[in-house]
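Let us walk through this model one packing site at a time. Keep the coordinates open as you read.

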Amino acid sequence: MRGTSFIFGPIKAEEAAAPAVAAAAEFPPAEIEEFKESFGLFDRVGDSQVGYNQVADIMSALGMNPTNKAVVAILGNPSADDMANKRVTFEAFLPMLKQVDEMPKGTYDDYVEGLRVFDKEGNGTVMGAELRIVLSTLGEKMSEVEIDSLMTGQEDENGSVHYENPTSLGLRSTRHMG
Amino acid sequence: MGCGTSVATETQGKIVEPDDTAKTPCPALTMKAAVLIQRWYRRYMARLEMRRRYTWNIFQSIEYAGEQDQLQLSSFFSFMLDNFTQLNENGPDLISQLLDPVVDPWLGRETGYNLIPVPESYSGPRLSFPLSVSDTNSLLGAFKEQQTLHARYVLQLLYETKKLLKQMPNITHLSTSYTNEITICGDLHGRLDDLLLIFYKNGLPSAETPYVFNGDFVDRGKKSVEVVILLLVYLLLYPDYMHLNRGNHEDHIMNLRYGFTREVMQKYKTHGREILQLFQDVFSLLPIATVIDGKILIVHGGISDQTDLDFLSSIERHKVKSALRFPRRSLEKLDIDQSQRQMKRGRSTASSRPSSSCSHSKNQRTPNQRKRRCGQRRQDMPFLDSLSSVAPPLPLQHDLEWKQIVDILWSDPKTQEGCSPNIFRGGGCYFGPDVTQRLLTRHGLQLLIRSHECKQEGYELCHGGKVITIFSASNYYEEGSNRGAYIKVGRELVPRFYQYQVSHTTRKLTLTQRVRVAEGSALKALKEKLFSHRSELLSGLQQYDHKNTGNVSVSDWAQVFESVLRLDLPWRTLRPHLARLAPDGSVEYKSCFEDMESGIPLPQVTPNMAETLFRYRTDIEIIFNIIDKDHSGLISIEEFRHTWHLFSAHLGVDIDDRAVDDLARKNKDQQLNEKMDGDKYS
């Protein structure tokens, strides 16, 4: 996990600055209602709660972009057992969401910048094969199934992905929420 | 945004030689980029998952709301029978034939299939009884080639099946000591492809491969006839290795609404009605439960806190022809006039509201329905008429039997403890883990396997693993909506799950595409609902918009939609698909109905009537199908007017006589023909 702590390095400086600013206003009520709806969608059991292991996904679905590490920290560093079994109510979830909301968010441009790192020739393409290796070995490693679903149909006949294409990797649509 | 710029400056800070970096990014940067991409991917997948879930919710809530409406249709039929006047001089109507069978199946129905000639030109399978493997194989081949089995053989098959089923007990008891693993399949709903896939993956029914099919073989899918024929021939061929449980769709009234009746009448124009009559008998003769090794109970829907397997074993199951034909009680005859008067009073206050659901419309239910509620000793809903003060009558034997069977066929499990009436479906109960535990303990069982509900993975466990739902129709709501599954269980009685998904497209759709297709289809269905209730929605919305600005807040908008449509959906999340926002963040509610104008080109029809017609188009279609005996697409104006009046009287809708006549005269042929064709509305 040395890599991730490095990534958090520069951001931490910003986080230290954040509390100095007046605590960000609460979410507007209409937005809270919307969060509540989405929260409810992920409740498969019917007890108006969701599992610890779903929290990161729900936050992502709501437009935040927390790393797994950040979520685990916010949940209070639960054990693997807790992650699998413990559940959280919406009332407990909302402040967690606020915390994540106050963390610096990534934008679509950051994502493009991230891909540009692999653009060896600087021509708007990256090698699909290289991307696959990177995504499966570095950072919060993705499984083969996940990588496949991301990459299917994205590589051209040379195995390159045109990441600057608006529809590349299907991720453009997540630029705006809702 | 903070992160973005910090990354960019970070990058620039680290780069010494721009061209060097282009060739070999430093490891830290690579790592950072990877994490960024992964986070974005995760966010994308999470949003996709959310879309998938609300799509699922839309499909399911509309499906169950439809089944609730079913109660209304059947109560209409009861109403029609009670007020029946012959619409046609030529003998008993199909309605009464279908709804009030005169002949006791035990006496046997003379089908005269022997007299039906099979022309030389018929190239389909010619079955010979008793059946052999070559018959079943030729049927499999024929159905794969889209052939239809000749009516004569269908009738003979049904006749033979009836004879066999009469000898079977209500509950089938199986043992794993004589057989290999037993395969248990759930709802098929006329999906021939899924059945063939199961046979392909798992093997055809035989001594080595025994099967239990847990109900709902017909309705909704387009090949119900083929599916049920295949199941019945294997039943006849291997009565010891092929077992069928009755489902809630093995019911002639459900079939009227959900497609099986139509499919039979379309495929068998001359003998369709005889065939349907025999299916009615066969369905009511199907066993209602299967038990494996005295340990695993298999029923289609579920159980209630009153389920008693010993009692169930003893009753005459064939007497419960349909869950939707409520048992007639001696009391009802006395109260009919009084309750009808009360119904009329109730209706006048509720204008065009459909009497399809929940507490608001209790006063519009027919005497039969209200009696049923009384008999259940569950007065959860307030009653708005004086009948509630009548002491519930002592439950008759017949009613107890009816309730036990309906509970088995219609109930759903729930997470909370207890047992409550299943208002969602309009029949059966919601049963909690305590109810399950009590039943299992009482009968020395360890597992309940049921079907009845579509599950995304084809199966789902609940009640601490004591209840398994198994569903075998993949892509049930839409291409890619769900997998199908079956269970195999051997001597150790540990279930193993096998999943599959039938795919009609040669190129596999990506997850995104599948979700998008399903979502589109769900939204379309939802918009149809919106249209059907447009007047009510608009008047509800206008109550929040006193200044008539055309805008309401998102909360109010969601509130109105939820209460009018009675669909428990995430309205705020769906809002972007349904309505536009004004610059100030409020909802321009008229935008919900913008693209709905086309389709009703009948200028003389009032909006109210158009909506009503659209809302009940399926029911109307069924009724027309029944009246139009020769399927010519034409019925007499008299019949049309009469039926329409009955229907609208039942609904409590005020329809101008003149409007009905205009409707009939000007558009009769076109309208009816298009109704015959399906959903196109003219």
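Contact here means heavy atoms within 4.5 Å. Note also that the model is predicted.

Start with a pair of helices in chain B. By the contact criterion, E536(B), L537(B), G540(B) and L541(B) of α18(B) meet W557(B), V560(B), F561(B), V564(B) and L565(B) of α19(B). By class, these residues are seven nonpolar, one polar and one charged. Helix α18(B) covers residues 534-542, and α19(B) covers residues 554-565. Their axes come within 9 Å and cross at roughly 140°. The crossing of α18(B) past α19(B) is right-handed.

A second pair can be read in the same terms. Two packed helices are described by the angle between their axes and the distance between the axes. For α6(B), residues 151-166, and α8(B), the angle is about 50° and the axes lie 10 Å apart. These helices are therefore oblique to each other as well. Here the crossing is left-handed. From α6(B), the contact uses V154(B), L157(B), L158(B), E160(B), T161(B), L164(B) and L165(B). From α8(B), I229(B), L232(B), V233(B), L235(B) and L236(B) take part. The tally is 10 nonpolar, one polar and one charged.

Helix α8(B) turns up again around α7(B), residues 192-202. Which residues of α7(B) are buried? They are L192(B), D194(B), L195(B), L196(B), I198(B), F199(B) and N202(B). The cover over them includes helices α5(B) and α8(B). Strands β2(B), β3(B), β13(B) and β14(B) are also among the covering elements. Just after the helix, G203(B) takes a positive phi of about 105°.

Now move to strand β5(B), residues 289-292. Both of its faces are covered. A289(B) and V291(B) are buried on one side, T290(B) and I292(B) on the other. Strand β5(B) pairs with β1(B), residues 171-174, in parallel over four bridges. In that pairing, L174(B) has I292(B) as its bridge partner. Strand β5(B) also pairs with β6(B), residues 296-298, this time antiparallel and over three bridges. There T290(B) stands opposite I298(B). Three residues separate the strands of this hairpin, and D293(B) takes a positive phi near 55°.

Technical notes:
Residues are numbered from 1 along each chain as its sequence is written. Chains are lettered from A and ligands numbered from 1 in the order in which they are written. This is a predicted model: local features need pLDDT of at least 70, side-chain atom pairs count only at pLDDT 80 or more; totals for chains, interfaces and linings use all residues. Side-chain values use heavy atoms; hydrogens and water are left out. Axes are lines fitted to C-alpha atoms, for helices over the stretch in contact, and angles run from 0 to 180 degrees between N-to-C directions. Helices (H or I, at least four residues) and strands (E, at least two) are DSSP runs, numbered from the N terminus. A crossing is left-handed if the near helix is turned anticlockwise from the far one by less than a right angle, and right-handed if clockwise. Ala, Val, Leu, Ile, Met, Phe, Trp, Tyr, Cys and Pro count as nonpolar, Asp, Glu, Lys and Arg as charged, and the others, Gly among them, as polar. Buried means under 20% relative accessible area, exposed over 50%, partly exposed in between (1.4 Å probe, protein chains only). Two strands pair if DSSP finds at least two bridges between them. Angles under 35 degrees count as roughly parallel, over 145 as roughly antiparallel, 65 to 115 as roughly perpendicular and the rest as oblique.
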